[in-house]
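Trainee: Could we go through this structure one feature at a time, with the general idea of each term before the case itself?

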Amino acid sequence: MATSKTYDNTALQEKARDHLWMHFARQSVMTEGDGVPIIVRGEGHHIWDSSGKKYIDGLSGLFVVNAGHGRERLAEAAARQAKELAFFPIWSYAHPSAIELADRLASYAPGDLNRVFFSTGGGEAVETAFKLAKQYWKLQGRPTKHKVISRAIAYHGTTQGALAITGLPGMKEMFEPVTPGGFRVPNTNYYRAAEMGFTGTEEQFGLWAANRIEEMILFEGPETVAAVFLEPVQNSGGCFPPPPGYFQRVREICDTYDVLLVSDEVICAFGRIGEWFACDAYGYVPDMITCAKAMTSGYAPAGATIVSDRIYEPFSHGSVSFPHGYTFAGHPVSAAVALENLDIFEEEGLNARVRENSPLFRATLEKLQDLPIVGDVRGDGYFFGIELVKDAATRETFNEEESERLLRGFLSKALYDAGLYCRADDRGDPVIQLAPPLTIGPAEFDEIEQILRGVLTEAWTKL
Ligand SMILES: Cc1ncc(COP(=O)(O)O)c(C=O)c1O
């Protein structure tokens, strides 16, 4: 779906500099160097900037465009729905596309997760799960169960409730006091397990890390804890998959102490790990799933909190309601796009494709371990993190100044200049994160590896 539209880069840069407030970014980049990168077009796994340069989209935008860019049928589905019914709320009313999408999501969800509460994005889905957990326990006559547990460095969104669950101190300090009741336990970074005081096998580490949740529940008092929020594979910090047995032990702990298990699948759902919902990949059934991003592959915004029959039951009768909602949640256009997007997944077998290709993607990236700067390659599905270190033997990481110089000063721009859009992240130890569209295959794995090899080799000389 090529477009010949041309853009006046100078005029756009000026307008951006004068009026656009970028998220999670230093506004100063607008006035430095070439200004902000302006992306104007996407096709498959490629994107183009305003000067016409082409890049591999190594991050699916922001873990979003799983079906790839430029899908005309998604644009057409949006247009069809907008012509038919552009907007109607799901506040005491309903419309066909929201109903059909709720039905479809429930059919994909594991166990008895049959009820779908829509939102417009991931943070709202998390916020919804937090509020729902609190009200659920109040309705059970256990009003003191309101605290939430999550893991160190995990990102769960930016609203003040979701921020209480987010485990990144730097994202909270400017907004304290955030919603009270958020408690942190260790994550499943096996590469850094020794620094958390653990030595042993990965399986033992999983048990150890899960038991930290039990410890926190007991420390705070089970009658005060409402829910545990965990990503199947934690993104922040650079792709921490669950060690074998981790989620089985977590489920057991949650059942023992009547604590709800929320699987935050804002990134991991819709094929990223090769399943509709990643909890299926790791064999656990949560009480709630939060999802968003790739539900529509980004062609329209949507989010959802999918809830078990047990959690829904007290809301299902009499005068009880959940006093919560969003104007644009279950938006007809977003829901129609989501349904079409899920059709594409089914027709092209994208989940199976990820499962089949993931080992080769991993093996291709693992070739980079011959570079002295590469400490660890980890992840699952089409979701990998490459941890960079100063000394691969001792696993010594970079200090703040080196990290700033390496990641912000060199790597992000160098990778982009070399034609790969991905993320160089230092929320935790420095990592390069990859989450490309699920349509790519062996040829693109090699291409990504070659670009990374060139840039990381040069990065080493800059240290
Ligand atoms: C695990 C997780 N939860 C929640 C969110 C917040 O989603 P959103 O940016 O759509 O509000 C994100 C965003 O990346 C996420 O990765």
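Mentor: Let us begin with how elements are named: helices (H or I, at least four residues) and strands (E, at least two) are DSSP runs, numbered from the N terminus. With that in hand, Phe 63 is found in helix H2, which covers residues 60-63. This is a predicted model, in which local features need pLDDT of at least 70 and side-chain atom pairs count only at pLDDT 80 or more, while totals for chains, interfaces and linings use all residues. Residues are numbered from 1 along each chain as its sequence is written.

Trainee: What is the phi of Phe 63 near?

Mentor: In general, most residues other than glycine have a negative phi, and most peptide bonds are trans. Phi of Phe 63 is near 60°, a positive value in a residue that is not glycine. As for the peptide bond, the one from Glu 176 to Pro 177 is cis, with omega near 0°, and Pro 177 lies in the loop between helix H7 (169-172) and strand S6 (182-185).

Trainee: How should I read a helix pair, and at what angle do the axes of H8 and H9 cross?

Mentor: Axes are lines fitted to C-alpha atoms, for helices over the stretch in contact, and angles run from 0 to 180 degrees between N-to-C directions. Angles under 35 degrees count as roughly parallel, over 145 as roughly antiparallel, 65 to 115 as roughly perpendicular and the rest as oblique. The axes of helix H8 (residues 202-220) and helix H9 (residues 246-256) come within 8 Å and cross at roughly 20°, which makes H8 roughly parallel to H9. As to handedness, a crossing is left-handed if the near helix is turned anticlockwise from the far one by less than a right angle, and right-handed if clockwise; the crossing of H8 and H9 is right-handed.

Trainee: Which residues of H8 and H9 meet?

Mentor: Two residues are in contact if their C-beta atoms, placed from the backbone, lie within 7 Å. From H8, Gly 206, Leu 207, Ala 209, Ala 210, Ile 213, Glu 214 and Ile 217 meet Tyr 246, Arg 249, Val 250 and Ile 253 of H9. For classes, Ala, Val, Leu, Ile, Met, Phe, Trp, Tyr, Cys and Pro count as nonpolar, Asp, Glu, Lys and Arg as charged, and the others, Gly among them, as polar. On that scheme the contact of H8 with H9 has eight nonpolar, one polar and two charged residues.

Trainee: How far apart are the axes of H14 and H15?

Mentor: Helix H14 (residues 400-417) and helix H15 (residues 442-462) have their axes 10 Å apart and pack at an angle of about 150°, and they are therefore roughly antiparallel to each other. H14 passes H15 in a right-handed crossing. Among the residues making the contact are Leu 406 and Phe 410 of H14 and Ile 451 and Val 455 of H15; the contact divides into eight nonpolar, no polar and two charged residues.

Trainee: Turning to sheets, what is the order of the strands in the sheet that contains S11?

Mentor: Two strands pair if DSSP finds at least two bridges between them. An open sheet of four strands runs in the order S11-S12-S15-S14, with antiparallel pairing. Its edge strands, S11 (374-380) and S14 (423-425), each pair on one side only, and neighbouring strands are turned by 20° against each other on average, direction ignored. Helix H13 (residues 350-366) packs on this sheet, touching S11 and S12, and its direction makes about 15° with that of S12. Within the sheet, S12 (residues 383-388) and S15 (residues 431-434) pair in the antiparallel sense over four bridges, and Glu 387 stands opposite Val 431 in S15.
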